[in-house]
Every structure is written in C-alpha cells, then in structure tokens.
Amino acid sequence: MVSHKHKCIFIHIPKTAGMSIEKAFLDSLGLSFFEGQNPQLLLNYNKDPEQGPPSLGHLTACDYVEKSYITKELFDSYYKFTFVRNPWARLVSIYRYFEYHRYLKFEDFLVKIFPKLQQERSYFVMPQYDYIFCGKGNKKLDFVGKFENLKEDFKVIQKNMAFPVGSLEHINKRNLNYNWYSRWNLKFVARQLKKNPEYISRINLRQKAKSKYQDYYNSNTKAIVSEFYKKDIEYFNYQFEA
C-alpha cells in the first residue's frame with residue numbers, strides 16, 4: 001500500500017492484520033474498499049506475474065522500486081513499515097483463511113498442501129523475512145511492528161505520519177461484505193482437492209477453531225514450520241510458546 005498523502009508505504013504481509021491497517025488509512029482519506037480494491041493506494045488486482053503478486057497490496061519492499069510502482073527518491077523519503085507475526089500462529093491463520101479446516105486436518109494440510117502453496121501461492125506463505133529483505137540482506141523499512149503488540153506498535157505508525165490516521169478496528173474477511181473472499185478461497189481449495197482427492201481426511205470435517213495455536217501442533221508439524229520459517233523465527237525472535 002502506498003499513501004502519498006501520508007507519505008508512507010505499508011508492506012502487507014498476509015495474515016498480519018494488514019486489512020485492519022489498510023482500513024485505517026482508507027478511512028482517514030474518506031476512501032473505501034471495493035471488493036478488496038482501491039487503486040489510489042495501490043490496493044488492486046494484478047494479472048501479470050512479472051509485475052508482482054495477484055494482489056498488489058502484497059508487494060515486497062523491493063518490488064515497489066524494482067517494478068516501477070514508485071521512484072527510488074520517493075521510496076527513500078517515505079516512511080516504510082510492516083507487521084510480522086509468530087510463524088506458527090500465522091500458519092494456523094492461513095490454514096483457516098483458505099478454508100482447509102473444512103476438509104483437512106491441520107497435519108494433512110502442512111504435510112500435503114503446504115508444499116504446493118509454497119509453489120502456487122508463494123507470496124501468501126513465503127517467509128516474512130523475504131518481504132522485508134527481499135533475499136538481499138538489506139533492510140528496507142523504518143519500522144517492523146508485531147501482530148502480538150498490534151495496538152501499541154500502531155501508535156508508532158500514527159506518530160510518524162504526515163497526515164493523521166485513525167485507530168485500528170478488527171477486520172476480517174466476513175466484515176465489509178468480504179464474502180467474495182470466502183467464495184474465492186473455497187474455489188481455490190476445491191481445485192486443489194479435485195487434483196488430489198486422496199488429501200481429503202473427511203468431507204466437511206468442519207473442525208472447530210481451537211483456543212490456542214499451540215493446540216494445532218504436534219512435534220512433526222512444529223518442526224515443519226521451524227524449518228521453513230527459520231529466518232522469521234531467528235530474526236524476529238519468535239518461539240513456540242508452551
């Protein structure tokens with residue numbers, strides 16, 4: 001997201017409260033989402049893989065200049081920020097966001113589907129470290145907040161804006177008429193399961209959400225996340241809390 005009025009760039013890592021953050025900026029400008037889009041803030045769809053992910057709201061820090069969405073001079077002068085999240089908790093959120101909990105047990109998702117997501121929806125599950133450093137080892141941002149300290153860390157953002165931005169409100173895919181997200185997600189899952197019907201643990205499993213992300217894991221699935229998100233865990237100082 002780019003807001004020239006606020007002179008800022010927000011790197012929206014999926015499943016880190018990004019929609020709530022974007023909504024705060026849209027509200028401050030008197031704008032709104034239209035099915036998740038608002039081109040004025042570079043929040044719109046993209047059909048060209050060479051120009052970034054399917055949703056431009058999820059551009060990496062390096063993409064903005066490298067793909068010519070903003071000049072290097074503006075990029076350097078704007079306040080740039082993002083939010084990160086505990087990788088084990090984030091992956092549970094992704095599992096439920098794509099509606100896989102309706103068909104697959106969490107371990108089946110991690111063992112059988114997660115590797116495919118790394119290839120087919122790589123921007124959605126790729127390490128948070130890569131959004132910020134872009135594989136080049138150079139930090140591009142002014143501030144990295146944490147989902148676990150969202151409200152307090154967002155106050156840092158508010159203080160650094162060139163134009164006022166309001167407080168956060170909780171947003172999810174069922175707010176703001178986001179039912180289209182659910183339809184898209186279910187179609188995506190259906191395509192995966194049609195290709196690989198053996199992955200279905202039990203049709204319409206409809207597992208209830210568990211109170212803690214830790215309850216989804218066993219030693220095997222915990223290790224899968226530890227390995228894939230090693231840089232996130234080390235750099236952002238996360239751990240699997242008992």
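Lys80 has its place in strand E3, strands here being DSSP runs of at least two E residues, and helices runs of at least four H or I residues, numbered from the N terminus. This is a predicted model, in which local features need pLDDT of at least 70, side-chain atom pairs count only at pLDDT 80 or more, and totals for chains, interfaces and linings use all residues. Residues are numbered from 1 along each chain as its sequence is written, and side-chain values use heavy atoms, with hydrogens and water left out.

Is Lys80 buried or exposed? Its relative accessibility is 5%, so Lys80 counts as buried; the cut-offs are under 20% relative accessible area for buried, over 50% for exposed, and partly exposed in between, with a 1.4 Å probe and protein chains only. Setting aside neighbours within four places in sequence, Lys80 is in contact with Ile9, Phe75, Lys140, Leu141, Asp142 and Phe143, where contact means heavy atoms within 4.5 Å. Ile9 is also the bridge partner of Lys80.

**The sheet**

Four strands make up an open sheet with mixed pairing, in the order E1-E2-E3-E4; two strands pair if DSSP finds at least two bridges between them. At the edges sit E1 (2–3) and E4 (143–146), each pairing on one side only. E1 and E2 (residues 8–11) run antiparallel and are joined by two bridges, with Val2 opposite Ile9 and Ser3 opposite Cys8. Their hairpin has four residues between the strands, and there Lys7 takes a positive phi near 55°. On the E3 side, E2 pairs in the parallel sense over four bridges.

E2 is covered on both faces: Cys8 and Phe10 are buried on one side, Ile9 and Ile11 on the other.

**Helices on the sheet, and a helix pair**

Angles run from 0 to 180 degrees between N-to-C directions, and axes are lines fitted to C-alpha atoms, for helices over the stretch in contact.

| Elements | Angle |
|---|---|
| H1 (residues 18–28) and E2 | about 160° |
| H8 (residues 150–159) and E3 | about 175° |
| H4 (residues 87–97) and H10 (residues 219–228) | about 105° |

H1 lies across E2 and E3. H8 packs on the sheet too, touching E3 and E4.

Which residues of H8 are buried? They are Leu150, Asp153, Phe154 and Ile157. These cover an arc of only 105° around the axis, so they sit on the same side of H8; the arc is that of the directions from the helix axis to the C-beta atoms. The buried residues of H8 pack against H1, E3 and E4, while the face turned away carries the exposed Lys151 and Lys159.

As for H4 and H10, their axes are 10 Å apart. Their angle makes H4 roughly perpendicular to H10, a label for 65 to 115 degrees (under 35 is roughly parallel, over 145 roughly antiparallel, the rest oblique). Pro87, Trp88 and Leu91 in H4 meet Lys222, Val225 and Ser226 in H10.

**Lys105 and the whole chain**

Lys105 is in the loop between H4 and H5 (106–120). Its relative accessibility is 47%, so Lys105 counts as partly exposed. Lys105 and Tyr216 are 111 residues apart in sequence, yet 9.1 Å apart in space, C-alpha to C-alpha.

Overall, the protein chain has eleven helices and four strands, and 51% of its 242 residues count as buried. Of its contacts with a separation of 6 or more, 72% are between residues 24 or more positions apart.
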